[in-house]
Amino acid sequence: MKPFDPQLLKVAAPARGYVILTTVFGVATAGLVIAQALLIAAVLAPVISQGKTLTDVRTPLIWLGVVVLMRALIAGLSERYAHRAAIKVIVELRRKVIERAVALGPRWLSAPTTTGSNGLDVVTLATRGLDDLKPYFVRYLPQLLLTATVTPAALAVIFGLDIISAIIIIVTIPLVPIFMILVGQLTQKTSERRLAAMSRLGAQVLDLITGLPTLRAFGREIGPVKRVKELGDAYTNSTMRTLRVAFLSGMILELLTTLSVALVAVGIGMRLVYGHSELQIALAVIMLAPEVYLPIRNVGTHFHASTNGIAAFNAALGVLSHTPKTTGTTTAPDLTSTTITFESVSVRAPERDLLAPAQLNATIHPGHITALVGHSGSGKTTTVLTMLGLVELDAGRITLTHDTTTHALTDIDPTTLWPQVAWLTQRAALPPGTLRNALTEDTRTQASDNELLAAAQQSGFDEVINELPNGLDTLVGVGGIGLSVGQRQRLTLTKALLAQAPVVILDEPTAHLDAATEQRVLTTLTQLKNNGHTVIVIAHRASLIALADHVITVHNSTEVTHAND
């Protein structure tokens with residue numbers, strides 16, 4: 001871990017202005033610290049040695065009050081702008097991490113790591129990890145810049161006043177960074193363990209919450225409690241170890257600086273007793289000596305307290321270091337009348353030594369219902385991801401043909417393609433808010449209540465609305481009423497009817513539904529086709545496959561090899 005990483009200025013623009021401002025504050029503080037020490041000596045020396053009253057030293061006393069007020073003002077401004085800069089940097093880094101994670105695509109997000117997956121690590125980093133950067137900006141960085149300004153300035157003044165005291169400081173001051181390095185190496189490991197424990201705990205709890213309905217259905221919801229408790233205890237222990245090291249490092253640095261200042265004070269005191277130094281000079285040296293060590297001591301203390309934030313920043317750099325694939329610049333054609341063709345498409349499956357799909361040749365015709373079928377692991381969902389440009393091909397290509405013009409998918413700007421597609425996954429997320437907001441958040445136009453209810457009637461979601469206490473105004477999601485998997489599927493199908501996207505992709509839309517509701521969904525899919533939509537379904541049920549105009553069988557490389565044999 002570096003005391004100050006220049007990469008922070010590159011990836012977080014708000015940090016640049018803050019560093020400049022803090023440097024200005026540091027220079028001003030250095031001048032005020034020296035002025036305060038000299039003025040205190042100028043006030044006390046005549047009063048002690050010459051018997052003068054405070055009235056006789058009124059002028060330096062007034063200036064001393066002005067200096068103290070100015071130091072307090074600069075300290076307050078530094079604290080204020082430090083908090084502002086920390087929040088801005090955290091927001092900027094969080095935005096960049098999330099944008100980069102989205103640009104890297106779902107395949108990278110699902111890649112396994114030591115703490116779960118890239119996706120879970122990004123969730124931990126973006127929600128809690130980067131918040132630990134605040135102590136770095138508010139406490140550590142100002143002290144680092146004060147070390148570069150106050151310490152050398154005060155030492156230079158002491159050298160001019162008393163060479164022996166300056167030599168003592170020069171000899172003892174390297175002990176502070178030496179112990180900082182020794183303690184810092186231990187702190188780095190504890191901080192990394194803490195972040196890893198937090199990531200594991202977040203991944204475990206997220207997986208548990210996702211699968212809780214299934215666990216409860218089989219009476220196994222109590223099983224993971226022990227494991228979650230173990231992870232929670234591991235996180236608590238790692239946090240306590242970090243705090244313990246931080247407190248011990250502060251005590252060590254405090255002891256070193258106290259002994260060093262004591263050596264200076266004893267030396268100058270003995271010379272004062274034997275008449276080898278003047279009282280005003282001795283007082284000034286004694287006042288300045290602690291100011292030489294103070295910024296260095298605070299750097300060590302606050303650096304160890306901010307190592308969690310530095311570890312999070314390094315994790316953020318790890319995400320930002322991944323370069324997303326380049327995208328095309330051609331505007332996507334109108335998908336209402338566009339034919340999508342797969343030509344020998346193959347994609348290597350992560351963590352598996354096979355291609356899924358493998359050598360896929362297929363055509364999706366506009367205005368038709370196309371079913372993607374195949375065994376689990378054959379690559380049906382990956383086929384959809386490749387069509388959306390979210391997963392790179394290892395072989396083959398995908399083309400879009402509109403009228404007589406054909407474009408390779410790699411030449412298409414995905415931001416012009418995605419708005420024309422409604423993608424309904426099996427386990428759709430339920431955003432917090434009213435049911436009305438959940439239905440209209442992704443639609444291109446604002447729908448009236450009559451239009452919402454008409455679409456809900458087609459998808460069978462009207463039964464769910466009628467059962468809710470406040471209808472469309474019922475709060476759902478976090479803080480509201482939850483919906484079952486089947487109810488969420490009907491909700492997403494209703495959203496597809498409202499969105500009016502030319503292409504509608506559905507992943508097993510009839511799963512978790514009873515026979516009557518399934519029939520209504522099949523009728524809705526037919527209605528979508530009749531309205532000119534291109535409907536693509538990932539299907540296992542025979543009723544859904546029978547509804548399709550075209551059936552595309554997806555194979556992985558193992559199945560293709562067996563078929564060739």
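Contact means heavy atoms within 4.5 Å. The legends below use that term throughout.

This is a predicted model, in which local features need pLDDT of at least 70, side-chain atom pairs count only at pLDDT 80 or more, and totals for chains, interfaces and linings use all residues. Residues are numbered from 1 along each chain as its sequence is written, and side-chain values use heavy atoms, with hydrogens and water left out.

**Figure 1**
Helices (H or I, at least four residues) and strands (E, at least two) are DSSP runs, numbered from the N terminus. Of the 565 residues, 46% are buried. Buried means under 20% relative accessible area, exposed over 50%, and partly exposed in between, with a 1.4 Å probe and protein chains only. The accessible surface comes to about 27,500 Å², and 61% of that surface belongs to carbon and sulfur atoms. Accessible areas come from the Shrake-Rupley method with a 1.4 Å probe; for residues, only the protein chains shown count as cover. Among contacts with a separation of 6 or more, 78% link residues 24 or more positions apart.

**Figure 2. L130 sits in the largest nonpolar core.**
A nonpolar core is a set of buried Ala, Val, Leu, Ile, Met, Phe, Trp, Tyr and Cys residues joined through side-chain atoms within 4.5 Å. This core has 55 residues, and L8, L93, L130, L133, Y136, F137 and I169 touch the most other members. Helix α3 (residues 58-109) gives the most to this core, with 10 residues. L130 is in contact with I90, L93, R94, L125, A312 and A316, leaving aside its neighbours within four places in sequence. Another core lies apart from this one; its 38 residues include L435, L452, A456 and L498. In soluble globular proteins, nonpolar side chains tend to be buried together.

**Figure 3. T29 is a buried residue of helix α2.**
Helix α2 covers residues 14-49. The relative accessible area of T29 is 14%, so T29 counts as buried. A polar atom of the T29 side chain lies 2.7 Å from the backbone oxygen of F25. Residues up to four places away in sequence aside, T29 touches I74, L146 and V150.

**Figure 4. Four strands form an open antiparallel sheet.**
Two strands pair if DSSP finds at least two bridges between them. The strand order is β4-β3-β6-β7. β4 (360-364) and β7 (405-408) stand at the edges, each with a single partner strand, so one side of each has no neighbour in the sheet. From one strand to the next, the twist averages 15 degrees. Inside the sheet, β3 (residues 338-346) and β6 (residues 395-402) pair in the antiparallel sense over 7 bridges. F342 has I398 in β6 as its bridge partner.

**Figure 5. Helix α12 lies across β3, β4 and β6.**
The helix covers residues 380-387 and runs at about 120 degrees to β3. Axes are lines fitted to C-alpha atoms, for helices over the stretch in contact, and angles run from 0 to 180 degrees between N-to-C directions. α12 is mostly covered, with 7 of its 8 residues buried. The buried ones are K380, T382, T383, V384, L385, T386 and M387. Just after the helix, G389 takes a positive phi of about 75 degrees.

**Figure 6. The loop between β3 and β4 holds P357 and Q359.**
A cis peptide bond joins A356 and P357, with omega of about 5 degrees. Q359 is not a glycine, but its phi is positive, near 50 degrees. Q359 is exposed, with a relative accessible area of 51%.

**Figure 7. Strand β11 pairs with β8 and with β12.**
β8 (residues 421-424) runs parallel to β11, joined by 4 bridges. V421 stands opposite V503 in β11. β12 (residues 534-538) also runs parallel to β11, joined by 5 bridges. I505 has I536 in β12 as its bridge partner. In β11, 5 of its 5 residues are buried. V503, I505 and D507 point one way, while V504 and L506 point the other way. In a regular strand the side chains alternate between the two faces of the sheet.

**Figure 8. E508 lies in the loop between β11 (503-507) and α18 (515-530).**
E508 is not a glycine, yet its phi is positive, about 45 degrees. At 4% relative accessibility, E508 counts as buried.

Conventions. Polar contact = N/O pair within 3.5 Å; in protein donor to acceptor, adjacent residues only side chain to side chain.
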